[in-house]
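My entries follow in the order in which I checked them.

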Amino acid sequence: MKNFAQFADPFWGNGPCTTPAGEDLAKHWNWLKAQTGNTHPGALMPFGWVSVLPFSGAYSSGYGCNGPSSEGVTPQISDRKCAYGFTHFHTSGTGFLGEFYNYFLIQPAIHNTNTAHLSELTDESAHPGYYSGKLVDYGVDFELTANKYAAFHRCKFAAKGGKITVDTTQAGLKIPINHYQEKIFNTHCVNCGDGWAEGFITVNGVEIFFALKVIADIRKQAIFNGIIEFDIDGDNAESIIAFSLLSTADARHRAEETVKAGFDNTRIQAENAWNDILSKIDTGFATDLERNIFYSALYHSLLKPVDAGIEYTDFQTMWDIYRTQLPLMMMIAPAEAKKMLYSMIKTIKRIGFFPCAYLMSRDYKRHDMQATALAVYTLCDGFFRNLLTQADYPALKEVFLLEFAHASTENKSPTHILDLAGAAHAAYQVAAECNDHEFAAELQQKSQIWRTAYDRNTGLLTADAPYYEGTHWNYSFRPHCQMNERIALAGGKEKFEAMLDKFFAFGCTDEYDRPRPIIPDRFEGMNNESDMETPAAYLWCGRADKQAKIHDVIRRWMFFDGPGGCPGNNDSGGLSSWYIFSCLGLYPLTGTRYCLLTTPSVTEANIDIDGKTLTIKVRKESPSAIYPAGYEFNGEKFTEPYLPIARLHEGGVLQFTLCDQPQGDSVIPEWL
């Protein structure tokens, strides 16, 4: 097997955006949101619950030098990397969610070191499943790895003898943020002797049980006010901390299994797991740079949600990941995705709905202003991909009813109306296939609510309404049911296309006083996810060429390698998964049975879909050709820029033919 993990950079997107000033259409796009990926380089497994990394208290993962930011250039709180030690559980690419985790601060240090002060962090190195570095002021070299439920730390002290301190009261970030305070409400620790300690914390209404083992020549261990201290002889120490949402006994079992495996085997297990999942997409690119960006983006697309043992959690920004990140999970990790779907059903039955941000927290409704009924899209996507079947329909109908009962559009953004309409349309298709025709008719009627979101005088969503992370323009070109009627409402195909051209800046010649301008009512160009599906709207104008142009410009001018290579908050893989599909020439239109075809940047690709291979081949008129001129699937030529997603999941050979110039009007999808 090839070593695909060697191409994935955990540091991708960690720092402020360093992508160059855009050219072509990208020069005129809106950089409204924070200009950093907010990713982290910590050690963890694919979809693993436990992550571990150096903790500086910075925004938003707890790692690095970023200050709080929600728009514009990201402020820096330090000119060098520093850390207090290592924390566990982290957000991935998000902004202000209110829960930043960073629990159980472990601080290794030589004797007579003041660990209340930050240590300089140097010699950083990371690859999927592994991280190493040096805490200079603490006199410690360290290595980190993890399995799904435990973190493993290996330390070497610069002098003979040291200490390991575990602070179970640590939560959240260190930097001040207005109206933010995250704290542990209860901590219970038991000194079990022989390097063992166990207990639980209560944070955000959730009990997290832990078991800790320190492997070293321990002179003394003690617990005081939630702080566990180990006084160590010698210059080497290892520590293992395992977690459970069930009991300390369960955490202890997981810790014992991790101790038995040892650091090296745990690291190898994590590295193999990463290489296995990254190898599900074997690509060819014209340059090594494109390949490295692709696998770095793929890696950061596979961190969330997480398997916490009794359920999946950390759907940290459901309004971002339901479009492409969860469909990517369904494509290349179907076994994990199937468990995730059943867990989602279980959660809806327990709570009564699925939170827009489902975290380790009992505050389920905090992010209701973001969206509504998004879980319905994901469950229907699972059905369209045969991960859920007609045998699951009774449970699906039950949770559909719960989701629609919870869904509210009153005093909400018109985007909630579109969310509800699309969810109802997706569920309608599932109910109809399962021969529940009465319920299907109800859902089809519910989907017509989309008409109330638009202003018939402008052809856009109503302007006098609240919009989050954009304006009424950003959300006005979202493909949804009855697109032909929606385009007629805008004045017809020519006027709709002209509005799209204005939004994407076709023909724009404006100059700006800064390289990343803020331009309201303009496409956000993957600086944010709010309008990431809007390039597909051109297909309902018969302009697959313009959709292809936008994808090509985004890939060339918005995504690069290195810590500054992500154009905005990656939001649990929202941006990076879009990039993965775009490179492959695919766009899975969530809530429908179809995958749209765009323009690939790969020279070839083989995608392992549950043991079946989807091969992508590309025939180009020239190396720079981007415009679709026809497709072929399993030897059958066609011109429609879409295929049923279920056919692609069955495997086969999909060939794109690309030309240097647009090839005329494309076939308009009639299924939406």
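**Helix 12 and helix 13**

I started with helix 12 (residues 544-557) and helix 13 (residues 574-584), whose axes come within 10 Å and cross at roughly 120 degrees. That angle makes helix 12 oblique to helix 13. For the angle classes I used under 35 degrees as roughly parallel, over 145 as roughly antiparallel, 65 to 115 as roughly perpendicular, and the rest as oblique. The axes are lines fitted to C-alpha atoms, for helices over the stretch in contact, and the angles run from 0 to 180 degrees between N-to-C directions. Helices (H or I, at least four residues) and strands (E, at least two) are DSSP runs, numbered from the N terminus.

The model is predicted, so local features need pLDDT of at least 70 and side-chain atom pairs count only at pLDDT 80 or more, while totals for chains, interfaces and linings use all residues. Residues are numbered from 1 along each chain as its sequence is written, and side-chain values use heavy atoms, with hydrogens and water left out.

I noted the crossing of helix 12 past helix 13 as left-handed, meaning that the near helix is turned anticlockwise from the far one by less than a right angle (clockwise would be right-handed). Which residues meet here? From helix 12 I listed H551, I554 and R555, and from helix 13 W578, Y579, S582 and C583. Contact means heavy atoms within 4.5 Å. By class, the contact of helix 12 with helix 13 has 4 nonpolar, 2 polar and 1 charged residues. In this scheme Ala, Val, Leu, Ile, Met, Phe, Trp, Tyr, Cys and Pro count as nonpolar, Asp, Glu, Lys and Arg as charged, and the others, Gly among them, as polar.

**Helix 2 and helix 13**

I then checked helix 2 (residues 288-300) against helix 13: the axes come within 8 Å and cross at roughly 135 degrees. Helix 2 and helix 13 are therefore oblique to each other. Helix 2 also passes helix 13 in a left-handed crossing. On the helix 2 side I found E290, I293, F294, A297, L298 and H300, which meet S576, Y579, I580, C583 and L584 in helix 13. The class count for the contact of helix 2 with helix 13 is 8 nonpolar, 2 polar and 1 charged residues.

**Two loop residues**

I looked up S530 in the loop between helix 11 (493-504) and helix 12. Is S530 buried or exposed? S530 is buried, with a relative accessible area of 5%. Buried means under 20% relative accessible area, exposed over 50%, and partly exposed in between (1.4 Å probe, protein chains only).

The side chain of S530 reaches the backbone oxygen of E469 at 3.2 Å, and a polar contact of 3.1 Å joins the side chains of S530 and E524. A polar contact is a pair of N or O atoms within 3.5 Å; within protein, one must be able to donate a hydrogen and the other to accept it, and residues adjacent in sequence count only if both atoms are side-chain atoms. Not counting residues up to four places away in sequence, S530 touches R323, E469, N474, Y475 and E524.

N569 sits in the loop between helix 12 and helix 13. I have N569 as buried, at 8% relative accessibility. Leaving aside neighbours within four places in sequence, the contacts of N569 include A34, T36, G37, N38, N527, E529 and L575.

I logged the peptide bond from Y59 to S60 as cis, with omega near -5 degrees. S60 lies in the loop between strand 1 (52-54) and strand 2 (82-83). The peptide bond from K304 to P305 is cis, with omega near -5 degrees, and P305 is in the loop between helix 2 and strand 15 (306-307).

Phi of Y101 is near 60 degrees, a positive value in a residue other than glycine. Y101 counts as buried at 0% relative accessibility. M526 has a positive phi of about 75 degrees although it is not a glycine, and M526 is in the loop between helix 11 and helix 12.

**Helix 6**

Just after helix 6, N386 takes a positive phi of about 65 degrees.
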